[in-house]
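We will go stop by stop.

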Amino acid sequence: MSRVKFNCEFTFRASQTIVYEFLTSPDCLARWFCDDCHMTEDSYTFSWEGSEELAYILEDIEEEYISLQWEDYPTEYLEFKISKGEITGETVLEITAFCDDDEVKQEKAFWTAQMSNMKHAMGL
């Protein structure tokens, strides 16, 4: 099965600062993305139901962008781009990730649910 890159986009009625905080702070990540999260200078360790996954920080631009590389998938990355919508003024979050080519629809549904969890954790 080949792996493919996909994108999805979400809007938030929250500042870029708050969205960035929920994507990078271990405490905030544990509220919507994982069971627990620990961060070092160059990586995150995410825990889900007792298993851990390590992601290295490839690039981090405060309030604009963060890119992570999963230890188990060295040729792939998870990318979050944060911008301000020109028309609505809302914060736009574009996610780029990878999955098996027959799982794109399920992965987009997964991220839609995750963004709903994130908005709930933000109080939106």
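Is Glu21 buried, partly exposed or exposed? Select Glu21 and look: this residue is partly exposed, with a relative accessible area of 39%. Here buried means under 20% relative accessible area, exposed means over 50%, and partly exposed is in between (1.4 Å probe, protein chains only).

Before moving on, know what you are viewing. This is a predicted model, in which local features need pLDDT of at least 70, side-chain atom pairs count only at pLDDT 80 or more, and totals for chains, interfaces and linings use all residues. Residues are numbered from 1 along each chain as its sequence is written, and side-chain values use heavy atoms, with hydrogens and water left out.

**Stop 1: helix α1**

Stay on Glu21, which is found in helix α1. Helices (H or I, at least four residues) and strands (E, at least two) are DSSP runs, numbered from the N terminus. Glu21 and Leu124 are 103 residues apart along the chain, and their C-alpha atoms are separated by 15 Å.

**Stop 2: two helices packing**

Select residues 16-24 for α1 and residues 104-122 for α3. The two helices pack at an angle of about 115 degrees, and their axes are 11 Å apart. Axes are lines fitted to C-alpha atoms, for helices over the stretch in contact, and angles run from 0 to 180 degrees between N-to-C directions. α1 and α3 are therefore roughly perpendicular to each other. The classes are: under 35 degrees roughly parallel, over 145 roughly antiparallel, 65 to 115 roughly perpendicular, and the rest oblique.

Which residues make the contact? From α1, show Ile18, Val19, Phe22 and Leu23; from α3, show Met118, Ala121 and Met122. Contact means heavy atoms within 4.5 Å. The residues of this contact of α1 with α3 divide into seven nonpolar, no polar and no charged. Ala, Val, Leu, Ile, Met, Phe, Trp, Tyr, Cys and Pro count as nonpolar; Asp, Glu, Lys and Arg count as charged; the others, Gly among them, count as polar.

Next, click Asn117, in helix α3. Asn117 is partly exposed, at 36% relative accessibility.

**Stop 3: the cysteines**

A disulfide is a covalent bond between the sulfur atoms of two cysteines. The rule used here asks for a pair of cysteine sulfur atoms within 2.5 Å. By this rule the count is zero disulfides. Select Cys28. Its sulfur is 10 Å from the closest cysteine sulfur, in Cys37, too far for a bond. Cys37 is in no disulfide either; the nearest cysteine sulfur, that of Cys34, is 4.8 Å away. Cys28 is buried, at 9% relative accessible area, and Cys37 is buried, at 5%.

**Stop 4: strand β3 and beyond**

Select residues 43-48, strand β3, and find Ser47 there. Ser47 counts as buried, at 11% relative accessibility. What does Ser47 touch? Not counting residues up to four places away in sequence, Ser47 touches Cys34, Asp35, Asp36 and Glu52.

Move to Glu49, in the loop between β3 and β4 (51-61). Glu49 is exposed, at 78% relative accessibility. Check its backbone: phi is positive, about 45 degrees, although Glu49 is not a glycine.

End at Glu63, in the loop between β4 and β5 (65-70). Glu63 has a positive phi too, of about 65 degrees, and is not a glycine. Glu63 is partly exposed, at 28% relative accessibility.
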